[in-house]
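Please read the points below with the sequence and the model open beside you.

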Amino acid sequence: RTRAAGAARSAPRLADAPRAHVAVAGGGVGGLCTALCLLKKGIDVTVYERTDAFRRFGGPIQFASNALSTLHAVDPALLDKVMEKFTFTGTRACGIKDGLRASGFSMAGDSLNYLWDPSAPADWYVRFPLRACAKLWGLPYTGVIDRPDLQELLLEACTALKPDFIRNGVEVLGYEQPAPGEPGAGVRVRLSSGELADHDALVGADGIWSGVRAQMYGEELKKPVDGGRTRQGCTYSGYTVYAGEAIMRLPDYYECGYKVYIGPKRYFVTSDVGGGRVQWYAFFATPPGMKRARSGWGAESELMEGRPAESLIDYLKGLHEGWSDEIHHVLSLTPEDAVEQRDLYDRPPELFRSWTDGRVTLLGDAIHPMMPNLGQGGCQAVEDAYVLADELAARLCAEEGGERDERVRAALDEYYRKRIGRTAAVQLLSRLASDLIINLFDTPWSPHDERGTDWKSYLTFFWKPVLQYLVFPVQFAYLYSFRPSGPLGELPDRLDDAWRTRHRDEAERAFANAEAGNVAAAPRASSFVSSNESS
């Protein structure tokens, strides 16, 4: 998309027609972005959110260049406010490190010098071209923001346009609508308050265990089957993830954005998330339900029955025995009560049935939950919201196209057609990343030691140039190719320059406070989003 194209579609508004009114189920990031995009187009919105009030919950969320471009196209002033809470990762070293050989937080390059020079570090396997791919399209650089900060900013932006846009403590329980051609119009939404509310359309942005999707596809809400491997149409990915966060003065804190340590049958990820904090994830292939830590769904007092006496940190260190001292250092700096665990579920792309049922459609995790490897779950929800609002506004403002019922149905159908290909590709890429790392990657072969000698080690070694010069450049260029803002000139570099000074000042204050014992080196919020929220 070009800037001109995005501007052309943003012009129509609904001033000359009775104002359309859309219901949104779910007040997470996806639901709030949908509300903002629709309100900006002149479409009335009511968001129904089951929680009684907004509360700060959930850890950092990655906002990649494509999501930042979309946010700028919707509301440049909102992007400015987001930048005040943002931590850039894509402007620094990011990539894959050797999980066994990495040592001392080395910033060595990802060249092959170690093959003929035994003294050359072999730490970095491949670096990701995040900065180069953002520059290709002229977009802001990838980074992270605390989910509660993002939600507060979205709530503020929506409230400025419609003070009563959200109804807290009210959940969407179901819907009914007349068939095409039958008397009646719109969709009737059944609410937990006992009310029936009539709207022109309903958007299900109510997360992976979506009640709207359950009715649309005839799923039994949240019911696990096959020993927990399938739950409401979503399949267990085969992986559980432990996550932790703490203030850490690491030697490479200012130089690295995020790192993926690969090794035999698992991988370990660390990321700077701002304020001196480092967040980490440890992925393991296990059966579902193997709980050793609290779930990350906000259940602070949750008890794990049968949990062994061994400390959780010692358990995780044991699983990484023989791995890099960098990983063990990060684990040692993490308080045990800061560790959470979550089984990862996703679902195959809905290529053969629509996301739309008449005047009802789905968005974000409600229809395309994905593995977190590419950090695109929330980004794809933002893209969904933009395209959905674009289609509704264009159809409702068109001079021709039939009655409102026909126009709304056509807009939702077109939204599905425009989004299914891209979201399916991102879902598959996200899942493929885990499967390849766990099943086909291992410690790369080196002529100087015996740490990587099986067939997967040789395969990993020979994959390096393919990944470095073809796969990753194409992958990230594609992910960032959704760019409704168009090229933003010098803005991305100006934002990065302003951030660097602020980032160092905030981190140094956090380090000093932690070292003086003035604050606990513990996470400010859960590492996982609530199960009630959507991405």
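In which loop is Gln 232 found?

1. Gln 232 is found in the loop between strand S14 (230-231) and strand S15, where helices (H or I, at least four residues) and strands (E, at least two) are DSSP runs, numbered from the N terminus. Phi of Gln 232 is near 50 degrees, which is a positive value in a residue other than glycine. With a relative accessible area of 3%, Gln 232 is buried; buried means under 20% relative accessible area, exposed means over 50%, and partly exposed is in between, using a 1.4 Å probe and protein chains only.

2. Before going further, please note that this is a predicted model, in which local features need pLDDT of at least 70 and side-chain atom pairs count only at pLDDT 80 or more, while totals for chains, interfaces and linings use all residues. Residues are numbered from 1 along each chain as its sequence is written, and side-chain values use heavy atoms, with hydrogens and water left out.

3. As for the whole, the protein chain has 13 helices and 20 strands, and buried residues make up 57% of its 535 residues. Contact means heavy atoms within 4.5 Å; among contacts in the protein chain between residues at least 6 apart in sequence, 76% join residues at least 24 apart.

4. At 41% relative accessibility, Lys 265 counts as partly exposed, whereas Gln 232 is buried.

5. The next point concerns aromatic rings. Rings of Phe, Tyr and Trp (its six-membered ring) pair if their centres lie within 6.5 Å, and planes under 30 degrees apart count as stacked, over 60 as edge-to-face and the rest as tilted. By this rule the count comes to 25 aromatic pairs. In one of them, the rings of Phe 88 and Trp 499 have their centres 5.6 Å apart and their planes at 85 degrees, so the pair is edge-to-face. Because Phe 88 lies in strand S4 (residues 87-88) and Trp 499 in helix H13 (residues 491-515), this pair ties together parts that are 411 residues apart in sequence. Phe 88 and Trp 499 are both buried.

6. Tyr 242 and Phe 284 also form an edge-to-face pair, at 5.8 Å centre to centre and with 75 degrees between the planes. Tyr 242 lies in strand S15 (residues 234-247) and Phe 284 in strand S18 (residues 277-285), so here the parts tied together are 42 residues apart in sequence. Tyr 242 is buried, and so is Phe 284. Elsewhere, one aromatic cluster is formed by Phe 128, Tyr 258, Phe 472, Phe 476 and Tyr 480.

7. Charges also sit over rings, which is counted if NZ of Lys or CZ of Arg is within 6 Å of the ring centre and within 35 degrees of the ring normal. Lys 464 lies over the face of Tyr 125, at 5.8 Å from the ring centre, and Arg 504 lies over the face of Tyr 254, at 3.8 Å from the ring centre.

8. Two packed helices are described by the angle between their axes and the distance between the axes. Helix H3 (residues 65-74) and helix H4 (residues 76-84) pack at an angle of about 135 degrees, with their axes 5 Å apart; the axes are lines fitted to C-alpha atoms, for helices over the stretch in contact, and angles run from 0 to 180 degrees between N-to-C directions. That makes H3 oblique to H4, since angles under 35 degrees count as roughly parallel, over 145 as roughly antiparallel, 65 to 115 as roughly perpendicular and the rest as oblique. The contact is made by Leu 68, Leu 71, His 72 and Val 74 of H3 and by Pro 76, Leu 78, Leu 79, Val 82 and Met 83 of H4.

9. Nine of the ten residues of H3 are buried, so H3 is largely enclosed by the rest of the structure. Asp 75 has its place in the loop between H3 and H4, and at 12% relative accessibility Asp 75 counts as buried. Leaving aside its neighbours within four places in sequence, Asp 75 is in contact with Lys 40 and Ala 157.
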